[in-house]
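Hi everyone, thanks for coming.

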Amino acid sequence: MLGTTQFQALGTAQTAAFTASQVAGLSAEHIGVMSSEQLRSLTLSNITALRASQMGSFSDTLFGTLRTEQLAEAHARSESLLLKILQSLGYKVTFLPDNLQYHERYTPMLQALGIATPKGALAKTIDEAVAAAAKIGFPVVMKIVSPDILHKTEAGGVRLGVKDAKGAEEAFNGIMKSAKAYNKKAKLEGILIEEMVTDAEQVIVGFKQDRLFGPAITMGMGGIYVELFRDAALRVAPFDGDEALAMIQETKAYKLLTGFRGAKLRDVAALVKVITAVARLAMDFRNEIAEFDVNPVMVLPKGKGVRAVDAAVVLK
């Protein structure tokens, strides 16, 4: 892989010649130094190959330089394939809502796999926000929903730990005001009200289709610790629940999940089910999905299950 300085010096003809796998392998550092001309030079298939985590490294200005046809084709191709996968999983859906952000489009896939996600609802008014928050249960997380705002935190579009109805009203007004100030032309679809998952240990579960071995499943410490500890166990699917448990036991995360220094016992049994579900997905859709990561998977206290907070999918 080229260094960032070398990458930054590449001409548009060279970046246009990149393969989809090369684009999918670009690091956040490479994306961070990419020029608007380099981004615009990418082919339609390569735009589709970009992962959610990579898109998160774009500045809003850079993201806005994508050609309309690039975005439209990438969206249409990924939506079509995603719908095919969901329908094959038995999820009765004929379209995906346009007002969902990139990673939120994969919530139906997680649910179809039997993997719980935080409860959530889209609110377009203060009254809807208060009602949704009360139904979900305080505290909640509130996040701006806009196709024109990629970096929600930078835009002041996120509020954590909203504790009551008054806080929900203030958060709604504050988020909308901040979002409008951040990008006056942004189309604001509303605010996502979401269950705030606390008292949990974070892990990552995912897979990559290896050319030699097939679907390679990984599990390890998640969230911000993925890059820090590089703690992961690897198996090639198919395998059963006993093998999934053995994966967990190989990682440093296992001690955190099983009462390290008096900490709470976590729902390891529920995590085993997540790993086996992801392994089945990798096997069943080896020709459609190149990579799939759920990070973080929030492992709750024993008997309370898990919550998959975010997911990234690379479609073939």
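Helices (H or I, at least four residues) and strands (E, at least two) are DSSP runs, numbered from the N terminus.

Please keep in mind that this is a predicted model: local features need pLDDT of at least 70, side-chain atom pairs count only at pLDDT 80 or more, and totals for chains, interfaces and linings use all residues. Residues are numbered from 1 along each chain as its sequence is written, and side-chain values use heavy atoms, with hydrogens and water left out.

First, the overview. The chain has 16 helices and 10 strands, and of its 316 residues, 47% are buried. Contact means heavy atoms within 4.5 Å. Taking contacts between residues at least 6 apart in sequence, 65% join residues at least 24 apart.

Now to strand S10, residues 311-315. How many of its five residues are buried? Five of the five, so S10 is largely enclosed by the rest of the structure. Ala311, Val313 and Leu315 point one way from the strand, Ala312 and Val314 point the other way, and all are buried. Two strands pair if DSSP finds at least two bridges between them. S10 pairs with S8 in the antiparallel sense over five bridges, and Glu291 has Val314 as its bridge partner in S10.

A search of the whole structure finds one aromatic pair. For rings of Phe, Tyr and Trp (its six-membered ring), a pair needs centres within 6.5 Å; planes under 30 degrees apart count as stacked, over 60 as edge-to-face and the rest as tilted. Here the rings of Phe207 and Phe292 have centres 5.8 Å apart and planes at 35°, so the pair is tilted. Phe207 sits in strand S5 (residues 201-210) and Phe292 in strand S8 (residues 289-299), so the pair ties together parts that are 85 residues apart in sequence. Both Phe207 and Phe292 are buried.

Next, a sheet. Four strands form an open sheet in the order S1-S4-S2-S3, with antiparallel pairing. Its edge strands are S1 (120-123) and S3 (158-162), each pairing on one side only. S1 and S4 (residues 190-195) run antiparallel and are joined by four bridges; Ala123 has Ile191 as its bridge partner in S4.

Within strand S2 (residues 140-145) we find Lys143. Is Lys143 buried or exposed? Lys143 is buried, with a relative accessible area of 14%. A polar contact is a pair of N or O atoms within 3.5 Å; within protein, one must be able to donate a hydrogen and the other to accept it, and residues adjacent in sequence count only if both atoms are side-chain atoms. Such a contact, of 3.1 Å, joins the side chains of Lys143 and Glu194.

Last stop: helix H14, residues 241-250. Its buried residues are Ala244, Met247 and Ile248. The face turned away from that buried side carries the exposed residues Asp242 and Glu250. Covering the buried residues are, among others, strands S6 (214-221) and S7 (232-236) and helices H15 (253-257) and H16 (268-284). At the N-terminal end, Asp240 caps H14, with a side-chain oxygen 3.2 Å from the backbone nitrogen of Asp242.

Terms used
Buried < 20%, exposed > 50% of the residue type's maximum accessible area, 1.4 Å probe, protein only.
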